Amino acid sequence: MSLDTLRSSIEEKDHAIITLIAERMSIVEDIAREKERQGLPVRIPDQANAVLDRATAESNNLGLDPAPIREIFQILVRMSEEFQEQWREKKE
């Protein structure tokens, strides 16, 4: 395969990753609503840790270095929490 073809394949995967992040953030809005309905805080450390632990386990299962995968998911968790905080502020 040519370098251009390989790069094109990477671009497609990057697009898919960004699309999945957008879909994840859409679900986060539903989570924000449900947490508010239940009177729960935005940050629930046990849940954040469960997400990070699942990402670590899955990366191990796929033969990936879990450290950078965990960092990526820490960013996703932070994005989710920040979105929920902003969502709540807009409602006030």
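This note goes through model confidence, salt bridges and pockets in a predicted structure.

1. Basis. Residues are numbered from 1 along each chain as its sequence is written. The model is predicted, so local features need pLDDT of at least 70 and side-chain atom pairs count only at pLDDT 80 or more, while totals for chains, interfaces and linings use all residues; side-chain values use heavy atoms, with hydrogens and water left out.

2. Confidence. The mean pLDDT of the protein (pLDDT being the predictor's confidence in each residue, from 0 to 100) is 97, and 100% of its residues reach 70 or more. Helices here are DSSP runs of H or I with at least four residues, and strands are runs of E with at least two, numbered from the N terminus.

3. Salt bridges. The count is 6, where a salt bridge is a side-chain nitrogen of Lys or Arg within 4 Å of a carboxyl oxygen of Asp or Glu. Glu29, Asp30 and Arg33 are linked in a network of such bridges.

4. Arg37 and Glu34 form a salt bridge with the closest N and O atoms 2.5 Å apart. Both residues lie in helix α1 (residues 3-38), 3 residues apart, about one turn of the helix. Arg37 is exposed at a relative accessible area of 62%, whereas Glu34 is partly exposed at 32%. The classes are buried under 20%, exposed over 50% and partly exposed in between, with a 1.4 Å probe and protein chains only.

5. A pair between a loop and a helix. In the salt bridge of Arg43 with Glu85, the closest N and O atoms are 2.0 Å apart. This pair links distant parts of the chain, 42 residues apart: Arg43 is in the loop between α1 and α2 (45-61), and Glu85 is in helix α3 (residues 66-91). Arg43 is partly exposed, with 40% relative accessibility, and Glu85 is also partly exposed, with 28%.

6. A pair between two helices. Asp53 and Arg70 meet through their side chains in a salt bridge at 3.5 Å, N to O. Asp53 belongs to helix α2 and Arg70 to helix α3, so the pair ties together parts that are 17 residues apart in sequence. Both count as partly exposed, Asp53 with a relative accessible area of 45% and Arg70 with 27%.

7. Largest pocket. Its volume is about 350 Å³. A pocket is an open set of points on a 1 Å grid over the protein atoms alone, with protein on both sides within 12 Å along at least five of seven lines; lining residues have an atom within 4 Å of a point. Grid points are joined across faces, edges and corners, and the volume is the space filled by probe spheres set on them. Of the 17 lining residues, Arg24, Ile31, Gln47, Val51 and Ser80 are the closest to the centre of the largest pocket. Helices α1, α2 and α3 each give two or more residues to this lining, which divides into 10 nonpolar, 3 polar and 4 charged. Nonpolar covers Ala, Val, Leu, Ile, Met, Phe, Trp, Tyr, Cys and Pro; charged covers Asp, Glu, Lys and Arg; the others, Gly among them, are polar.

8. Second largest pocket. This one holds about 180 Å³ of space. Ile17, Leu20, Ile21, Arg24, Ile69, Ile72, Phe73 and Leu76 line the second largest pocket, and the elements giving two or more of its lining residues are α1 and α3. By class, the lining has 7 nonpolar, no polar and 1 charged residues.

Terms used. On a 1 Å grid over the protein atoms alone, a cavity is a set of points where a 1.4 Å probe fits but cannot get out, and a pocket is an open set with protein on both sides within 12 Å along at least five of seven lines; lining residues have an atom within 4 Å of a point.
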